[in-house]
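Colleague: I have a model open and I'd like to learn how to read its features. Could you walk me through it?

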Amino acid sequence: MISKLTTLSAFLAIISLSAAFQISTRDNDGVAVYLNTPTDPFVKIGDNYFFVESKREINWYDAFEACRQMNADLVAFKDLKEQKLVSQYLVGKKLIDNFWTSGTDFAKQDYFVWFSTGQPVATDLWCKGEPNNAGGIEHCVEFLSNVGLGLNDRNCSLPRGYICQAPQPKTVSFIVW
Ligand SMILES: *[C@@H]1O[C@H](CO)[C@@H](O)[C@H](O)[C@H]1NC(C)=O
């Protein structure tokens, strides 16, 4: 960030030495297509950028940390449409598995929120009959891309793959006259 700002201010210093100028700025959600910038390891699905780990299965806490280490968070599906798009992606890549999401009811039993955003988990995202807190030990939310294609509450200690979601990027551009 600092180096980007330094580069920008150096550039502005140079143009300020030239003739009269006018700068107009613009910012847009997402990575502008014309930039053709690689977003690895994140892939764009719908409006957001995701990283899917299907080989390394770890508990919910480890998964949470793994996403944070990438400056991302465990996924928080914003709606059923996004959840379905991610599901299609997983099925298309033959990544049929169970993945941790950021959902938990740690704070209030039976009230599931996305721990990454604090927003409630929408009721239409769950598999049929879920969440059911089976055995009274299910406080983390997994996404089932195989059966049911939806969310399920699960024992947080179980090893699972996980899906990280990158912060929503913006493209900032400016025009100098
Ligand atoms: C949750 O899963 C872990 C890991 O498999 C297991 O050791 C633990 O007994 C489970 N918890 C309960 C209460 O079943």
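Colleague: What should I know about the model before we start?

Modeller: It's a predicted model: local features need pLDDT of at least 70, side-chain atom pairs count only at pLDDT 80 or more, and totals for chains, interfaces and linings use all residues. Residues are numbered from 1 along each chain as its sequence is written, and side-chain values use heavy atoms, with hydrogens and water left out.

Colleague: How do I read a helix, and which residues of helix 3 are buried?

Modeller: The general idea first: an α-helix has 3.6 residues a turn, so residues three or four places apart point the same way. Helices (H or I, at least four residues) and strands (E, at least two) are DSSP runs, numbered from the N terminus. Buried means under 20% relative accessible area, exposed over 50%, and partly exposed in between, with a 1.4 Å probe and protein chains only. In helix 3, the buried residues are Glu82, Gln83, Val86, Ser87 and Leu90. They sit on the same side of helix 3 because they cover an arc of only 140° around the axis, the arc being that of the directions from the helix axis to the C-beta atoms.

Colleague: And what does the face turned away from the buried side of helix 3 carry?

Modeller: That face has the exposed residues Lys81, Lys84, Gln88 and Gly92.

Colleague: What do the buried residues of helix 3 pack against?

Modeller: Look for contacts, meaning heavy atoms within 4.5 Å. Here the partners are strand 2 (43–45), strand 3 (48–58), strand 5 (98–108), strand 7 (140–144), strand 8 (150–154) and strand 9 (160–165).

Colleague: How far does helix 3 reach from its first C-alpha to its last?

Modeller: Compare it with the expected span, 1.5 Å times one less than the number of residues. Helix 3 (residues 80–92) has 13 residues and reaches 18 Å, close to the 18 Å expected. After helix 3 comes Lys94, with a positive phi near 60°.

Colleague: On to the backbone, then. Which peptide bond has omega near 0°?

Modeller: The one from Asp40 to Pro41, which is cis. Pro41 is found in the loop between strand 1 (23–29) and strand 2. Glu130 and Pro131 are also joined by a cis peptide bond, with omega about -5°, and Pro131 belongs to the loop between strand 6 (111–114) and strand 7.

Colleague: Which residues make the nonpolar surface patch?

Modeller: Patches take residues with over 30% relative accessible area and no salt bridge: like charges are joined within 9 Å, nonpolar side chains (Val, Leu, Ile, Met, Phe, Trp, Tyr) within 5 Å. Areas come from Shrake-Rupley with a 1.4 Å probe, and for residues only the protein chains shown count as cover. Here Phe21, Ile23, Phe174 and Val176 make a patch of about 290 Å². Phe174, in strand 10 (residues 170–176), is partly exposed at 31%.

Colleague: Last topic: how many salt bridges does a search of the whole structure find?

Modeller: Side chains of opposite charge can pair when their charged atoms come close. The cut-off is a side-chain nitrogen of Lys or Arg within 4 Å of a carboxyl oxygen of Asp or Glu. The search finds seven. One of them pairs Lys170 with Asp27, closest N and O atoms 3.3 Å apart; this pair links strand 10 to strand 1, 143 residues apart. Lys170 is exposed at 51%, while Asp27 is partly exposed at 45%.

Colleague: What does Lys78 meet in a salt bridge?

Modeller: Asp47, at 2.7 Å from N to O. That pair also links distant parts of the chain, 31 residues apart. Asp73 forms a salt bridge with Arg68, with the closest N and O atoms 3.9 Å apart. Finally, Glu138, Glu142, Arg154 and Arg160 are linked in a salt-bridge network.
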